[in-house]
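Subject: Structure handover

Hi,

Here is the structure we talked about. Please open it alongside the notes below.

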Amino acid sequence: MAHTFLLEIGLEEIPAHVVTPSVNQLVAKVENYLKEERLAFDSVLPFSTPRRLAVKVTGLADKQEDISTEAKGPAKKIAQDAEGNWTKAAQGFARGQGLTTDDLFFKELKGVEYVYANKFEAGKSALEVLAGMKEVAMSLKFPTMMRWGTNDFEYVRPIRWLVALLDNEVVNFDILGTKTGRVSQGHRFLGKEVTLNSTDDYPEALLAESVIADATKRKNMIRGQINDLAQENGWKVDIDEDLLEEVNNLVEWPTVFAGNFDEKYLAVPDVVLITSMKDNQRYFYVTDAAGKLLPHFIAIRNGKDAFLNNVIAGNEKVLTARLEDAKFFFEEDQKQSLQHYVDRLDKVMFHDKIGTLAQKMQRVGLLAQFLGQKLGLSDQELADLARASQIYKFDLVTGMVGEFSELQGVMGEIYANLMGENAVVAQAIREEYMPTSAEGVLPASTVGSILSIADKLDSLQAFFSAGMVPSGSNDPYALRRQTLGIIRIALANNWQLSVDDLMDAVAFAQGKAHDLYANIDPATNAQALRDFVADRLHQILANDHYRHDVLETVVANMANTFVDVSQAAKTLTAHLDDADFKETIEALTRVARLADKADLSQTLTVDESLFENDSEKALFAAYQVQKEAMEAANDYDAKYQAIHALKDAISAYFEATMVMVEDTAVKNNRLHQLVLVKQLTQNFGDLAQLNVK
C-alpha cells in the first residue's frame, strides 16, 4: 500500500529571497534521505509561504527494502585451527554480524578459502524511518542564521510549529521543545489553527484559513490578477520575474491593487521612478502601449480586499514621499556644474589604503589611454575615452546617488547629457559599472568597454598591492566579479588583450605618474594578481565544459591573449579524438622537455653547418615552412595543423639524433633548434599538461 507523508516547518516570517532556495533545499534533502534509507517513494512536492517550508511525499512504501548481504571474513587458515575449531577471529567475525559460528561457511576467492556469513537485515517500517526527518529538518542551511531563547542551535527564523504526518498518524519527534503534531497555522491575521486529520487535507485545508501554500499556484494567481488589472485599464505591465518571485514570497494570500501618483513626478527620469517603485517599494510600474511611463503602480497585499482603499492610500502616501525626495534631488543636483562634483572627489576616499576617488580616476585615465591606443581606437574615441575617465565618478557625490545608490552610473549618464557632455561620454559613464554580476550584461560601446576594463584593472591592482587579496570565499571588494568582467569584455569584443598587456598598462600608468602609486606599488603581489586573473579565465572557460587538462594546458601561457586561450582550448578539444593526436602531442612535448635544457642566455641561433644528419636538416626545413604557415594562419585550426605537420619530422629526428652529445657546439645548436620548434607551440600553452595516455 502506498502512503503519503507530510512535513511542515512553521516559522516566523522568512526573508523573501530565502524562501524558494530553502524549500528546494528541503526537497533535495528529503529525497536524499529516503534514498539513503531505502524507503521507496514516487515524488516529493514542495510547499512554501513566508511562514512555512513544507514537503508532501507521495507513493511512500510501507517499509525499507530488506537487505541480504554476504559478508566476507578472515581466511580459513585464520578462522580455524589445525583441529578445525573456530578461532577467536572467526568468533569475533560472527558476533560482529549478529550471528553465531554455526552460520558461517567457506568460499574460495582467487584460490584462497575465506569464511563468509549470510546476513539478512529486515527493513524498518516507514514510521521508524520518518522519525529521522528531525535531522533532515535541522540540517537546513541558510544565508542568514539566528538563535532564539537560550538555544545554541541556529536557523533562519524561530520554529513555531511542526507538522509530521504519515497518512493520518503523527510521526513523533521534537526540535528544541517544539513537538510534531497535526496542527498547522492559517494566515497570521485572517486565519486560525488548522487541524489536519490526514495528509489528504494538505494544502486544501489551509485555503479556508487564507493560506495558499502552493507557491506556483500563488504566483500564477498574482500574475493573473496583474494581467486582469492591466487589461481593464488599458495598461502595459512588464512583469519582472525576479520581482514576482520576491513578492510571491512575501504573501500567503495575494490581492493585487493599483495606486496612483501625481503626474508632476513624471518630470523625474523614468529610471528613478522605476527604482523607487520596483526596488524600494516592490511595486510593478505601468506604461502605455508605446512604453511611456504612466502615473500608476501595481502592488500586492498580503490579504483579501477588505478595506483595500485604506491600503491603497497608505501605499500612495509612502511612494509620494519617496518621489518627492527624488524630485528634490533631481532639481537640486542640476543647480551645480559637473566640474563642481568632479572637484569634490578630491575629498572622497576610494579606500584609506589606496587613496581618493580623484586619484583613482587619474590612474584609470592613464590605463585607458594605454589600452585605447593598443586596441586601435580612433582619435575621436581616444578623446571621448579621456574625457569620460576625467569625470566618470562625479555622480557619486550628487544628492540623487546619495539617496539611491543603485543608480550610480545611471544618473551619471543622465546628468552628463543634461550638462552638455556628448552621448558617447555619457554612455561610457553608465557602462563603466558593467557587468554588475558574474553573468551580467556587458557594455555596448567601445569607449564604455575600455573604461570599464581600466576601472576594474585599477581596482584589482590597487587592492592586491595594498595586501587585500581575496582568500577562500572572502572577497569584500568583488574582485573576482571585476576580473571576470575584464575577461568577458575582452572576449566579447575579440580584443587581443592578455594578462601581460594588463600588467603593461599598469607599468605605463606608474611610469607616467609615480605619485599616484606611492601607496600601491604594482610590484607587490604582482604574481598573485597574475595567477588570480588566470584562475578567472580558467573559470570562464570551464563553463564551456572543456576537459580539465585542456584548460591547464591553454591557461599556462598568460602571454597569450584571452581570445587566443579560448580559441586554443576550442581547437585542442576538436582534435582530441584524432587518430594521431596522442602521437602528435607526445612528439611536441618531447621537444619541449629537451628545449627546456637550452642555455637561453646565449643568442638563439641555429647553424646549419653543424647539422650531422639528414633528420636535422629535414626538421629545420619543416620548422621554417610551418613557421611561415603559423604566421599566415587566420584561425587556430590552421595553427594546429602547422604544429601537427611537424610530427613526422620530429619522430625521424629523435630516431636519428642524440641531442645531449659531448660536443658543446653541436649540443647547443640542437637545443636551440628544439627551442625554435617549441616556440611554435606556445600559442597552445603548455602541451605537457595534456593527458594523452
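Strands β14 and β15 (residues 293-302) run antiparallel and are joined by three bridges. Strands here are DSSP E runs of at least two residues, helices are H or I runs of at least four, and both are numbered from the N terminus. Two strands pair if DSSP finds at least two bridges between them. Across from Y285 stands F297 of β15.

This is a predicted model, in which local features need pLDDT of at least 70 and side-chain atom pairs count only at pLDDT 80 or more, while totals for chains, interfaces and linings use all residues. Residues are numbered from 1 along each chain as its sequence is written, and side-chain values use heavy atoms, with hydrogens and water left out.

The sheet

The open sheet has three strands, ordered β13-β15-β14, with antiparallel pairing. β13 (254-260) and β14 (284-287) are the edge strands; each has a single partner strand, so one side of each lacks a neighbour in the sheet. On average, neighbouring strands of this sheet are turned by 30° against each other, direction ignored. Helix α9 (residues 270-280) packs on the sheet and touches β14 and β15. Its direction makes about 10° with that of β15. Contact means heavy atoms within 4.5 Å. Axes are lines fitted to C-alpha atoms, for helices over the stretch in contact, and angles run from 0 to 180 degrees between N-to-C directions.

Helix α22

Is α22 enclosed or open? Ten of its 14 residues are buried, so the rest of the structure largely encloses it. Buried means under 20% relative accessible area, exposed over 50%, and partly exposed in between (1.4 Å probe, protein chains only). Among the buried residues are F562, V565, A569, L572 and H575. The buried residues of α22 pack against α18 (479-492), α19 (499-512), α20 (526-542), α21 (548-555), α23 (581-595) and α25 (636-644). The length checks out too: at 1.5 Å a residue, the 14 residues (562-575) should span 20 Å, and the end C-alpha atoms are 20 Å apart. The expected span is 1.5 Å times one less than the number of residues.

Aromatic pairs

How many aromatic pairs does the structure hold? There are 20. Rings of Phe, Tyr and Trp (its six-membered ring) pair if their centres lie within 6.5 Å; planes under 30 degrees apart count as stacked, over 60 as edge-to-face and the rest as tilted.

F330 and Y415 are stacked, at 6.0 Å centre to centre and 15° between the planes. F330 sits in helix α10 (residues 308-333) and Y415 in helix α15 (residues 410-418), so the pair ties together parts 85 residues apart in sequence. F330 is buried at 10% relative accessible area. Y415 is buried at 0%.

F581 and Y640 are also stacked, with 6.3 Å between centres and 25° between planes. F581 belongs to α23 and Y640 to α25, so this pair ties together parts 59 residues apart in sequence. F581 is buried at 4% relative accessibility, and Y640 is buried at 1%.

One aromatic cluster is formed by F142, W148, F153 and Y155.

P15

P15 is in the loop between β1 (3-11) and α1 (16-36). P15 is buried, at 18% relative accessible area. Neighbours within four places in sequence aside, P15 is in contact with V156 and R157. P15 and R157 are 142 residues apart in sequence, yet 9.2 Å apart in space, C-alpha to C-alpha.

Best wishes
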